Amino acid sequence: MIHDRTPPAADAAVATLAPPVQADTTVTVQEPLVGVFLATLVLSVVLGAATATLAVVRYRRRGDPSLRAFVVGLVLVAVAPLPFRVVVVGTVPALAREVAPPLFQTAGLLALLVAMYGDPRTEGRRVREAVTGRDAVVVAVALAAAVATVALAARYESNAAALAAAGVVVALSTTVAGQAARAAYRYRSRSMATLSLGVLLLATLPTPVGATMLVVGSVDGALAVGVANGAVLLGEAAMFATLASR
């Protein structure tokens, strides 16, 4: 996990963002930047709460069954992991920070796929018949991204369960983001474009980017935390925009 520690002179608790599979690396954030990072994290939480609230309002207003899977998936991907990723150091067990986000996001990504293609238990034949070569390309890219992520993360993480969870999240999120991007291009859909961006920022990129920073080894700690916090903030904003434009 990525942990923030202020210098001894700083007397404030520091909130941190912890992407999955980053277990033992510690970075130091200089005191002048602590306020900026905390403000970024607070904004992420506010946007997450706003997304959850808007999802409930939209569903209750429209009562559309297809929207139900969409809003459930959106909340699980964007909102549910926040209490475990945005924490004050030492308040959430490391195991919970590692296990909870990928579990929530896997369930949310599956719900988004159901919203996009229907329940395969009842519409499996239609879904199979609709698969095209471009769908296969998206899935192939997603699997390649998952394999590359696991290979990179394995250089500093030996827990097989954590590596498998990271691979599943990257594979599913890349698939959802790729299919949403295709829909955005085909139908000129703003909501699909922001959904694709939000899924990439919140679920696809944190692990490989964090792994790359750890493997490189010379990346400044404040930069690493800033990139992670900024990605979450932008991802939360994209998810809120996805609901706002539907």
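**View 1. Surroundings of Arg 246.** Arg 246 touches Arg 58, Arg 62, Leu 67, Phe 70, Ser 191 and Met 192, leaving aside residues up to four places away in sequence; contact means heavy atoms within 4.5 Å. The model is predicted: local features need pLDDT of at least 70, side-chain atom pairs count only at pLDDT 80 or more, and totals for chains, interfaces and linings use all residues. Residues are numbered from 1 along each chain as its sequence is written, and side-chain values use heavy atoms, with hydrogens and water left out. Arg 246 is found in the segment after helix H10 (221–244). Helices (H or I, at least four residues) and strands (E, at least two) are DSSP runs, numbered from the N terminus. With a relative accessible area of 36%, Arg 246 is partly exposed; buried means under 20% relative accessible area, exposed over 50%, and partly exposed in between (1.4 Å probe, protein chains only). Ser 189 is 57 residues from Arg 246 along the chain, and the C-alpha atoms of the two are separated by 9.5 Å.

**View 2. The whole protein.** The protein has ten helices and four strands. Along the sequence they follow the pattern β-β-β-α-α-α-β-α-α-α-α-α-α-α. Of its 246 residues, 46% count as buried. Among contacts between residues at least 6 apart in sequence, 73% join residues at least 24 apart. The accessible surface comes to about 12,000 Å², and 66% of this belongs to carbon and sulfur atoms. Accessible areas come from the Shrake-Rupley method with a 1.4 Å probe; for residues, only the protein chains shown count as cover.

**View 3. The salt bridge between Asp 135 and Arg 182.** A search of the whole structure finds one salt bridge, defined as a side-chain nitrogen of Lys or Arg within 4 Å of a carboxyl oxygen of Asp or Glu. The side chains of Asp 135 and Arg 182 meet in a salt bridge, at 2.4 Å from N to O. This pair links distant parts of the chain, 47 residues apart: Asp 135 is in helix H6 (residues 133–153) and Arg 182 in helix H7 (residues 160–187). Asp 135 counts as buried because its relative accessibility is 13%, whereas Arg 182, at 27%, is partly exposed.

**View 4. Packing of helices H8 and H9.** The axes of H8 and H9 are 6 Å apart and meet at an angle of about 50°. Axes are lines fitted to C-alpha atoms, for helices over the stretch in contact, and angles run from 0 to 180 degrees between N-to-C directions. The two helices, H8 and H9, are therefore oblique to each other; angles under 35 degrees count as roughly parallel, over 145 as roughly antiparallel, 65 to 115 as roughly perpendicular and the rest as oblique.

**View 5. Leu 201 in helix H8.** Leu 201 lies in helix H8 and, at 13% relative accessibility, counts as buried. Not counting residues up to four places away in sequence, Leu 201 touches Pro 206, Ala 231, Leu 234 and Gly 235. Gly 235 is 34 residues from Leu 201 in sequence, with 5.0 Å between their C-alpha atoms.

**View 6. Thr 51 in helix H1.** Thr 51 belongs to helix H1 (residues 31–62). With 0% relative accessibility, Thr 51 is buried. Its contacts, not counting residues up to four places away in sequence, are Leu 74, Val 79, Glu 236, Met 239, Phe 240 and Leu 243.
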